[in-house]
Structures are given as C-alpha cells and as structure tokens.
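Please look through the structure below before reading on.

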Amino acid sequence: MDKDKKEFLKGTLDMLILKIVAFGPIHGYAISQRMKEISKDFFQVHQGSLYPALHRLEDRGWLEPEWKESETGREAKFYKLTRKGRKQLGNEMESWARMSDAVKTILGAVE
Amino acid sequence: MMRRLRRLFHKQTAEKQLDAELRYHVEGQTADYVARGMSAEEARRRARMEIGEIEDVKQECREARSMHFLEDLMQDVRYGARMLRRSPGFLAVAVLTLAVGIGANTAIFSVVNAVLLRPLPYPDADRLAIVLVGVGNATRAPASQFQLFQIRQRTKEFEQVGGIWVTNGVIPGDGEPEQVKVGFVTTNFLPLLCARPELGRFFGAEDEAPNAPWGVVISHGVWARRFGSDPSIIGKSIRIGANSAVILGVTPKDFKFIFPSDASVPANVDLFYPVSVDGSDPNGPGYLHLIGRLRPGSNTARAQAEADSISEQIRSLRGSSGASNFRLYIFPFQNDVVREVRRTLLLLFGGVGFVLLISCANVANLLLARATGRLRETTVRTALGASRGRLVRQLLTENALLGCIGGVAALGIGWAALRAILAARPASLANFSGVNLDFKVLAFTFAVAILTSALFGIAPIVASSRLDLTQSLKEAGSTAGRTGRAWNKLLVAAEVALGFVLLVGTGLLMRTFVNVLRVDPGFRAENVFSFQIPSPKYEMLHQLLENLAALPGVRSAAAVSHLPLDSTANWYDHYWKEGAKPEEQNSVMADHRSILPGYFRTIGATLLEGRDFTESDDAAHQHVIIIDDVLAQELWPGEDSIGKKLNVSDSPSGPYQFQRDWAVVVGVVKHIQCHSLTLMVRPQIYVPFQLAPRPMSVLIHTTGIVPNLATSVRAQVVLLDKTIPVSNVGPLSDTVARARSQSRFASLLAASLTAIALLLACVGIYGVLSYSVAQRTGEIGIRMAIGARGADIMKMVFGSSFRPILPGLISGFLLSVALTPLLSDMLFGIKPNDFTNYAENVVAILIVSAIASYLPARRATRVDPLVALRHW
C-alpha cells in the first residue's frame with residue numbers, strides 16, 4: 001500500500017512538472033518556485049525529489065535540457081518540453097480528468 | 001544506445017552539470033531568502049536544509065537515468081569477482097565441475113565441427129555427389145565403364161561424373177623399389193576433387209585418344225621421395241614395367257582422398273593412370289567408384305530422379321548386364337563419407353550434453369547452498385534499499401562470471417580431451433584433418449558457458465525469490481529454506497536420471513564391444529604375420545612360400561589376394577549357376593579371392609567339405625573353385641555342392657584381364673568375415689592364383705614371436721627377386737584391431753563420459769547430503785539427546801537421501817527406454833532393452849548413491865548432542 005501511494009504521488013509530480021514546463025523553457029529552481037506558488041502549500045513537494053524527477057523525465061525523452069543564461073545572468077540548465085513529453089502530458093491529464101470525474105461521481109453518489 | 005554510451009563517456013561532464021544545476025538551485029534559494037531579509041548564513045542554511053542531503057539527491061538523479069545499466073554491470077562484475085574470491089573452495093569446485101562439463105562438450109564439438117559441419121576440402125564440395133550402383137544383393141557397388149558411359153551420355157543434372165579404382169603397384173625411381181597405391185582414374189576425375197596440380201597438368205580428353213602417349217600423374221609425396229622434388233620433372237619419361245610413361249603432373253602436398261571406407265580408396269594414392277571410358281562392353285566388370293559434380297542449382301533429389309530414369313534406360317538396353325534389378329543411387333558426397341560416424345558422433349554429442357546438465361545441476365546445488373549461506377548478506381543489502389531486480393541482476397552477473405571462468409578452464413580440459421579422442425579415433429575419422437579448437441569451437445564453448453550459467457543460475461534465483469525477508473533473517477543461521485531443499489531434491493533426482501541414461505547407453509556399447517571381441521570372424525589372427533607384394537609370377541611365389549615355411553618358428557606360409565578386414569580394393573563380381581536364365585545371370589555378386597594352397601590352414605579357417613587347392617589346379621586343368629558355406633547354402637540348400645558348376649569371374653591370361661569362366665566347386669569353407677567383424681556383407685568364391693594372378697598378401701603362421709621376422713622375410717624376397725618391393729609388413733591382429741576401432745572408440749568415449757558423469761553425480765549427491773546434514777545438526781542433536789541411536793539417525797539420513805533418488809531412477813528408466821533405440825545401429829549381439837543391462841545399472845546407481853550418502857550419514861551419527869545444541 002505504501003509503495004502504491006508513492007507510485008501515485010510520483011505520477012502526479014511528473015504531471016505537474018510537465019504542466020509547468022509546458023509554459024516554456026524553465027530551470028529547476030524556477031520550477032520549484034512555481035510549484036510552491038501553485039500548490040499554495042496544499043501539498044509539499046520536497047525539493048530533493050524534484051531533481052531526480054527532472055532527470056527521470058529527461059531520461060525518458062519527455063524533457064530536453066538546454067544550458068543558457070538565466071535572468072540572473074548565470075548559466076543554468078533549462079528544461080524544455082519535447083513532442084513526446086507534450087503527448088505524455090496530454091495522456092496524463094486525460095486520465096487524471098477521468099479519475100477525478102470518477103471520484104466526483106462516487107462522492108456525489110454517497111451524498 | 002549511442003546516447004547512453006556518449007553519456008557514459010561524458011560522465012565527467014554530466015557530473016559537473018549535475019553539480020552546477022543543484023548549486024544554482026541552492027544559490028538561487030539563498031539569494032531569495034536574503035532578499036526577504038534573512039542573514040546570509042541563515043538563508044544558506046535553510047536552502048540547504050530544504051533540498052536535503054546533496055549527495056543523496058545526486059545519487060537519486062544518477063539512478064533516474066538508465067545509463068546506469070553499464071555502470072551497474074561493471075560494479076556487479078567487480079562485486080561478483082570479490083564474492084567469488086572470498087570463497088575459493090566454492091570457486092574451485094564450481095569451476096572444475098563446469099570446466100569438465102563444458103570441456104567435454106568443447107572436445108566433442110570440435111570433432112563434430114570438423115567432420116559433420118565443415119565442408120570437405122574439395123572445390124564446390126557442396127555440389128559433389130557419390131554415385132553408387134545397386135545390383136541384386138549389392139547396394140553400394142562401383143560402376144562399370146559401360147554404366148559410366150551411359151550415365152555420361154544421358155545426364156543433365158551432373159556437370160561431370162568421374163571414377164577411380166585403386167590397386168597396388170610399384171613406383172619406379174631412385175633407390176629400393178617401393179609398393180604404392182595406384183589410382184586408375186577417368187580423365188575428368190582429378191579436377192573434380194582438386195582445383196589445380198602443383199606442377200604440370202591433370203589428364204585431359206587428349207589422353208584418351210587411342211594413340212596418345214601414356215601419361216601419368218604422381219603425388220607430391222612420390223615427387224619428393226623418389227625424384228628429389230625435381231622442378232623439371234614434367235615431361236620426363238619413367239619406366240613402368242615394360243613400358244615407359246610421361247609424367248604429366250604432380251598433385252598438391254595436402255591433397256588426399258576422403259572416401260567412404262567401403263570404397264577402398266585410401267587417403268594417399270601415389271600414382272595415377274588414365275582410364276578411357278569405353279561403352280562397348282555391357283558386361284564389363286564394375287570397379288569404378290563414381291563421383292559427380294552437380295550443375296549449379298541442381299540437387300541430389302533431382303539427380304536421383306534423373307538417375308532413376310537412366311537406370312531404367314540401362315536396364316532396357318539390349319545385351320546390357322541382364323540385371324533386371326540394376327539401380328543407381330545418388331547421395332551428397334559428404335553425407336556419404338560421414339555416414340558411418342555421424343550417428344556415433346551425434347550420440348556422443350548428446351552424451352556430453354547430459355554430462356553438462358549434470359554439471360549444471362551440481363553447480364546449481366552449490367549455488368543454492370551458497371545462497372542460503374548468503375542470506376544475511378542478501379537481507380542486509382535489501383534492508384539497505386537494493387531492489388529485488390538489482391539483486392537478481394547481481395546474482396546473474398556473478399553466475400555469468402563463474403560460467404566464463406568455467407569456460408576458460410574448459411578450453412584447457414577440452415584441448416586435453418581432444419588429444420585423447422584423436423589418439424583413440426577409428427579409421428573412419430582418421431582422414432579428417434583440422435580437428436582443432438578453432439574460432440567456431442571457441443564461440444561454441446562460450447555460448448555454452450553463458451547458457452550454462454543461465455541454467456544453473458535459475459534454480460537459486462527462483463528459490464531466493466520465494467524467500468521472505470524476516471523469515472530469512474530467522475532462518476539464516478539454523479535450517480535451510482524449505483524451497484531450497486525442494487530444489488536440492490529435484491536436482492539430485494535429475495542427476496540420477498541423467499546418470500542412469502548414460503549408464504544404460506554405455507552398458508550397451510561396452511557389451512557390444514565385448515561381443516565384437518568375442519565374435520568368431522572365421523579365421524585366427526594370432527601369430528599370423530603378413531606383407532604385400534605386387535603381382536608375382538606363380539613359380540616365384542610358390543618358391544617364396546616354400547622358403548618361408550622352412551624358416552625357424554614358421555608353421556606354414558600361404559598367400560591371398562585380399563586379407564580379411566583389410567582395405568585393399570575389393571574384387572567382387574557376378575556369379576550364376578548352370579541353367580540360370582539370362583536375367584538372373586548378372587544379378588547377384590560374391591567376393592572373389594585369389595589364393596594359393598594352404599591359405600585356409602595358415603589363417604585357421606575351417607574347410608567344411610571337399611579339398612583345398614593343389615599345385616595342379618591351373619589353367620591347363622579343369623578350372624576349380626572353393627566357395628563358402630553362405631554361398632553353398634544359398635545356391636544348393638540341402639544338396640551337396642561339391643562337383644557343381646558355377647560361372648565366376650577370373651583372369652587366367654593375366655592380372656585384371658577378367659573373363660567369365662565355368663568352374664567346378666571342389667571345396668566348401670566356413671565364411672570368413674572380410675569387411676566387418678559384425679556384418680555378413682557378401683559370400684566368397686576362392687579362385688586358384690594360377691587362374692587369377694594379381695598383387696598378393698603373403699601370410700606366415702608362426703609358433704610364437706619370431707625375432708627379426710620382418711628382416712628375414714625381406715631377405716627371402718630379395719633372394720628370389722630384388723626388384724620386388726615388400727610393403728605393409730605387420731601382424732594380422734593389427735588389421736583386426738583396426739576393424740574393432742569404431743566399436744572401441746564408441747565404447748571408450750561413452751565409458752569415459754559415464755565415469756565423469758557418475759563422479760559428478762556422486763559429488764553432487766554427497767554435497768547436497770552433507771549440506772543438509774550440516775543444516776540439521778541441531779535437529780539431529782535433539783533427536784540423539786532424546787534417545788535416538790546411531791542406526792536410527794543413519795536410517796533417517798539414508799531415507800531422506802534416497803527419497804529423491806528413487807524418482808530419479810524411475811525417470812532415468814523411462815528416458816532410457818525412450819532413448820536407447822537410437823543406439824540400435826551401433827549395437828551387436830545385444831538389444832537396447834536388454835534386461836541384465838538395466839538390472840546391473842539400477843544396482844550401479846544404487847551403489848553410487850549409497851557411497852555418496854554414506855559419509856554424510858556417518859558424520860550425522862557422530863554428532864555430539866551437547867555440542868550440536870550449544871551451537872544451535
């Protein structure tokens with residue numbers, strides 16, 4: 001059960017990252033900041049697990065790294081969504097929507 | 001994959017980048033906090049804390065990438081090597097076991113590779129086919145010139161069909177006269193098997209012209225030996241008998257014939273004479289061994305279909321060898337050459353496969369024991385976060401490493417085994433050169449090693465995947481896991497089953513060999529000594545025999561054209577009795593042998609009826625023959641054969657000038673095995689030498705070992721005629737031993753394999769049992785503490801060891817019943833399902849198992865309850 005929950009959260013984290021990167025090339029630190037803003041501390045993403053996730057998504061070919069100058073004028077690793085990544089995001093959002101519909105229906109039925 | 005490799009090579013860069021990325025994060029966060037009013041130090045502390053232990057994050061990032069595979073592999077190999085080094089005893093036993101199993105396979109595969117897989121060393125070897133004649137009781141007969149002529153006229157599937165016949169002759173040149181093998185070849189024959197001569201040319205159509213000068217081709221050996229490798233030899237004349245011949249060409253150094261053994265074409269033929277193909281005599285003798293080269297795109301099936309229609313046309317020809325049952329058979333040349341050894345080799349290959357399986361079972365057992373012993377290590381690694389996949393992969397790597405070390409050691413053992421096999425090989429394998437550990441064999445060995453490691457590695461891994469962490473921690477020190485023990489039993493049962501099959505097969509082969517040793521070949525080889533001389537004059541031969549018989553220690557001397565079981569070109573021809581219809585006249589054949597009086601006595605054959613030849617049985621008197629009992633029984637069952645007339649083939653006007661002749665039977669002799677110790681190939685007709693002069697083998701029956709016999713024999717020959725070369729001097733028992741070599745080879749190899757297999761199985765059973773006794777020391781201690789006696793413990797241990805042996809024995813029995821019929825062709829005097837053989841081997845397996853179980857069982861009874869319980 002523990003493991004399943006972990007898998008579930010991992011999937012969710014992947015989807016969030018892909019969603020954030022979908023807005024445009026962005027570096028790791030900025031992603032962590034955006035996540036803080038969006039989630040409004042609703043759930044905490046441990047910063048330590050952000051980077052392994054980024055590397056995993058890159059390894060699967062969903063994200064593409066690009067080293068360029070950041071807003072502070074220093075070289076930073078930016079992530080860009082690939083075509084494969086965009087497709088993956090679509091799939092994940094779709095299945096997420098289906099699941100949340102299902103959850104809503106169940107909750108509605110109980111009500 | 002490229003991307004991954006690049007990443008592996010750019011690991012340095014990747015590490016730097018990872019470092020930079022994380023530093024950027026921490027510095028960005030710190031700057032942010034400072035901007036919000038924190039002190040620089042506090043800000044850095046918070047940023048660091050939020051991201052966690054940097055090294056952990058880095059490790060996780062690295063693991064997130066699949067390039068990890070190669071790195072893990074290296075790490076696994078290093079780890080595996082360390083683990084193997086740490087238990088040298090295990091390593092030694094496992095490597096040795098594997099090396100024996102894989103090495104045996106390497107050795108046999110080298111032979112299979114050289115004999116069955118590699119094409120014969122002839123140009124377009126895959127298009128060569130052998131053409132055999134079937135007439136009456138013969139299915140592999142040579143063809144007559146007439147038949148070859150007819151085939152050549154009609155064939156569309158063959159590019160070329162040529163023939164050879166080999167006999168003995170004398171080579172001229174420097175020094176002592178020397179007897180050599182002389183090949184009579186059609187002019188297209190040599191180019192079929194040899195791309196180009198070393199010097200000069202081979203025969204051509206021009207050499208068949210009626211007025212063409214007589215040309216000969218000599219072998220590299222004769223050229224070097226007799227003519228001092230004279231580079232200007234081509235075109236020189238040599239005297240052969242009363243004629244002179246021109247040397248046209250020299251064959252290359254490594255050129256040799258690899259023919260089926262029944263063709264009597266030896267590997268080295270030193271002198272070639274051309275034969276023109278004359279289609280005029282439909283009743284001429286069949287003596288040419290035919291080889292054809294198929295047209296590109298044709299195959300033996302098409303050639304056979306064509307040959308069937310050609311046979312039909314030949315049968316319908318007027319005046320053609322009346323044989324209504326004449327047939328042609330076409331086989332791929334290589335298949336036909338190896339047909340005698342193929343089955344032996346494949347069965348041996350199967351046998352070594354069994355040995356390998358037993359080695360696998362043994363190593364699997366060792367690994368199981370080790371896996372249990374390593375539970376603590378595994379458990380700790382799992383607790384530290386290693387995934388199951390990672391652990392399995394690590395085990396697989398370690399096994400593959402073990403397999404490879406075993407493979408390397410196997411090459412050494414394989415090489416040694418191959419030397420031994422080559423030393424013991426029978427004549428049928430002797431012509432195959434290049435039996436060695438080549439690249440293909442190396443590849444095979446390592447493929448087997450890797451496959452083996454997968455095979456023996458499966459059991460422990462499957463067993464380990466059932467283990468539960470907490471259970472393991474509890475069990476680690478006390479008893480083996482239940483699954484482990486079930487696997488042990490399965491493996492022991494498998495070893496017993498495989499060992500039993502090998503035992504049964506070997507038992508059959510050994511009995512066959514014993515039967516071959518005991519078989520009565522119709523003659524006695526002990527104290528008989530023989531040598532060969534080219535066609536002598538009767539008077540000279542008669543004198544020689546008298547002189548030899550007068551030597552001290554010599555009982556009698558005689559001569560025969562064909563020694564039993566020797567490979568001299570056979571002489572066989574048609575025979576028919578008086579009154580046979582024309583279509584019956586050329587249908588059955590018998591071996592014809594030319595002999596001098598006293599032959600039967602000298603060789604210990606039994607004259608059943610009538611008389612031996614006398615000096616006066618020559619061309620001027622009534623032509624007479626002696627036949628064997630097989631022929632007498634076939635022609636005149638229940639009648640007296642003496643005095644009956646038979647039409648046979650002889651040559652009273654000179655060597656090889658064959659003619660049909662009516663002769664009277666004056667004696668019946670017991671059949672002599674001439675071609676094989678175990679098979680009756682053809683009946684025999686004996687003709688007096690005066691009616692059939694030809695090269696002869698002289699036989700001397702002595703009272704015992706006569707010192708310097710060879711020297712005195714040569715001296716006697718020189719005394720009468722110093723131009724006559726003496727060759728193949730040696731005891732007749734050598735010829736008999738050669739005839740047994742195939743059976744000896746098979747039973748020797750099978751026995752060695754089985755001995756290895758039994759030893760391995762014994763070690764395996766012993767290992768499993770000792771281990772289980774060691775594991776159960778505590779339990780046994782308790783049993784003894786509460787009153788069990790030594791005998792009870794012994795019974796218990798024996799009982800538990802025999803539990804897997806019985807099912808193993810039953811499966812082995814069933815397997816043997818299914819497999820041993822494959823041996824039928826190789827057996828003699830015994831049936832595959834021989835009861836005694838089975839019974840003996842069941843007993844043998846039980847004894848071996850008992851021996852393997854005894855030591856551990858004894859050790860169990862020596863357990864001191866106090867000590868056992870203290871350590872439990």
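A crossing of two helices is called left-handed if the near helix is turned anticlockwise from the far one by less than a right angle, and right-handed if clockwise. Helices (H or I, at least four residues) and strands (E, at least two) are DSSP runs, numbered from the N terminus. The model is predicted, so that local features need pLDDT of at least 70 and side-chain atom pairs count only at pLDDT 80 or more, while totals for chains, interfaces and linings use all residues. Residues are numbered from 1 along each chain as its sequence is written, and chains are lettered from A and ligands numbered from 1 in the order in which they are written.

**Helix pair between the chains**

- Helix H3 of chain A (residues 47–59) passes H4(B) in a right-handed crossing.
- The two helices, H3(A) and H4(B), pack at an angle of about 20°, with their axes 8 Å apart; axes are lines fitted to C-alpha atoms, for helices over the stretch in contact, and angles run from 0 to 180 degrees between N-to-C directions.
- H3(A) and H4(B) are therefore roughly parallel to each other, since angles under 35 degrees count as roughly parallel, over 145 as roughly antiparallel, 65 to 115 as roughly perpendicular and the rest as oblique.
- Residues making this contact include Tyr51(A) and His55(A) of H3(A), together with Val57(B) and Cys61(B) of H4(B), where two residues are in contact if their C-beta atoms, placed from the backbone, lie within 7 Å.
- The residues of the contact of H3(A) with H4(B) divide into five nonpolar, two polar and four charged; Ala, Val, Leu, Ile, Met, Phe, Trp, Tyr, Cys and Pro count as nonpolar, Asp, Glu, Lys and Arg as charged, and the others, Gly among them, as polar.

**The side of chain B that touches chain A**

- In the contact between the chains, 17 residues of chain B meet 14 residues of chain A.
- On the chain B side, the elements that give two or more residues are helix H2 (11–35), helix H3 (40–51) and helix H4 (54–64) of chain B, and the largest share, seven residues, comes from H2(B).
- By class, this side of chain B has six nonpolar, six polar and five charged residues.

**Helix pair within chain B**

- H24(B) and helix H27 of chain B (residues 835–861) pack at an angle of about 25°, with their axes 8 Å apart, and are therefore roughly parallel to each other.
- H24(B) passes H27(B) in a right-handed crossing, and the residues of their contact divide into 13 nonpolar, three polar and one charged.

- Chain A has four helices and three strands, which run α-β-α-α-β-β-α from the N terminus on.
- Buried residues make up 27% of the 111 residues in chain A; a residue is buried if 20 or more other C-beta atoms lie within 10 Å of its own, exposed if 12 or fewer, and partly exposed in between, with C-beta atoms placed from the backbone.
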